[in-house]
Amino acid sequence: MSSIDNIQSTIVPITESGNYNLHDYDKYIVAFSGGKDSTACFLYLLDQGIPLSKIELWHHDIDGREQTLMDWEVTPAYCRAFAEAFNVPIYFSWKQGGFRREMLRENALTAPVNFECPDGSIQTTGGKTGKPNTRLRFPQVTPDLSLRWCSSYLKIDVGVKALVNQNRFNGKRTLFISGERGEESPARAKYKMWETDKADCRYRETFSKTVTHTSNGMAQTKVRRIIRGKKHRHVDRYRPILNWKEKQVWDIIKAHRVRVHPCYYLGYSRCSCKFCIFGNPDQFATSYRISPDQGNALMAYEEQFGVTMKRNTTLAACIDSGKPFVNLDDENVIVATSYTYDLPVRMSQSEHWLLPVGAYKRGCSER
Ligand code: SF4
């Protein structure tokens, strides 16, 4: 390891910066994908002494409650098992129809968002305003979130809607925590560690907004006077592991003896969608070997759209050019493609904590 690596691996996140103080919030929401980075964020909060009673995990289901198209089958079950293991609440949210419905949008509005609440109810919001639009193409591999719509429509927007539509956050100070690391991409390296979150509404301000409603297929435009800030909703964003090296992530996971998402034991370096648009040929070849039906469905969409997922190649060619990971363990494949997860997330002292084969590999990354 170089001396620079040594220096960087000792950097600790800033718990206080300007007006921000980690210990100064009523609620801590961890954006929890089930992957190593969001796991590290949660464990970091525990290490900093944040009371478990103030923390909740939020998971955005990429495929919604529909048949799995992009993601790992086991991801929702793993996330629930993780929350149970640490005795922390987890709430799921998703765009109705998930990835598939948004991708197949043809002269239609984006679908409403559903989110779970602490009383066990599922609330619905959105899906009524905006302009009808057509996608009929995969998200594009680009930092531009208007083209890489899976991140903006299926994660960021879903999280904001779930937050602003729950009165329990009004008049409270909430910290929204996400696990981006600068090491992953130049775009992420530019993120701020602390900032005011999109869902914040602490200041009173009045402005006009043009809103388009669609009724009986006819678009109607109205100008509305909006008063923000009445609810005194204070929401900040914190990226505690922005400066962390991957080693620090695995170190904290090992220290807490967490059994990570099954995809890491199969050799994946990131717990993104199984067929993430950022995947490299080896990952696509591996995912296709594990789930050929899912892969064939995606290839059929490429044919239907006449537009490929990757700009310069078809999914079939990408899979053909890749080499599936070696030693794909059958048992881990079964676990990763199940809709249930029964292994203990917290390993006992007698079990040997093993660094997953996916650790420290170069792989796909959201830019
Ligand atoms: S993991 Fe990949 S495919 Fe899935 S939502 Fe994120 S960028 Fe899109």
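This is a predicted model: local features need pLDDT of at least 70, side-chain atom pairs count only at pLDDT 80 or more; totals for chains, interfaces and linings use all residues.
Leaving aside neighbours within four places in sequence, Ser 38 is in contact with Val 30, Ala 31, Phe 32 and Ser 33. Colour by secondary structure and you will find Ser 38 in helix 2, which covers residues 36-47. Now zoom in on Ser 33, one of those contacts: its backbone nitrogen is reached by the side chain of Ser 38 at 3.1 Å. Is Ser 38 buried or exposed? Ser 38 counts as buried because its relative accessible area is 6%, and the cut-off for buried is under 20%.

**Next stop: the salt bridges**

If you search the whole structure, 22 salt bridges turn up. Here are some to visit.

Select Arg 135 and Glu 102 and display their side chains. They meet in a salt bridge, with N to O at 2.6 Å. This pair ties together distant parts of the chain, 33 residues apart: Glu 102 belongs to helix 4 (residues 98-103), while Arg 135 lies in the loop between strand 7 (122-125) and helix 5 (149-164).

Move on to Glu 184 and Arg 270, whose side chains form a salt bridge at 3.2 Å, N to O. Here the partners are 86 residues apart, and each one sits in a loop. For Glu 184, look between strand 8 (173-177) and helix 6 (186-189); for Arg 270, look between helix 8 (262-266) and helix 9 (281-290). Glu 184 has 16% relative accessibility, so it counts as buried. Arg 270 is buried as well, with a relative accessible area of 14%.

Now pick Glu 195 and Arg 239. Which strand holds Glu 195? Glu 195 is in strand 9 (residues 194-196), and its partner Arg 239 is in the loop between strand 12 (234-238) and helix 7 (246-255), 44 residues apart. Their side chains meet in a salt bridge of 2.8 Å, N to O. Compare the two ends on your surface: Glu 195 is partly exposed, with a relative accessible area of 25%, whereas Arg 239, at 7% relative accessibility, counts as buried.

**Last stop: a network**

Finally, select Asp 37, Arg 181, Glu 183 and Lys 245 together. Salt bridges with shared partners join these four residues, Asp 37, Arg 181, Glu 183 and Lys 245, into one network.

Conventions:
Residues are numbered from 1 along each chain as its sequence is written. Side-chain values use heavy atoms; hydrogens and water are left out. Helices (H or I, at least four residues) and strands (E, at least two) are DSSP runs, numbered from the N terminus. Buried means under 20% relative accessible area, exposed over 50%, partly exposed in between (1.4 Å probe, protein chains only). A polar contact is a pair of N or O atoms within 3.5 Å; within protein, one must be able to donate a hydrogen and the other to accept it, and residues adjacent in sequence count only if both atoms are side-chain atoms. Contact means heavy atoms within 4.5 Å.
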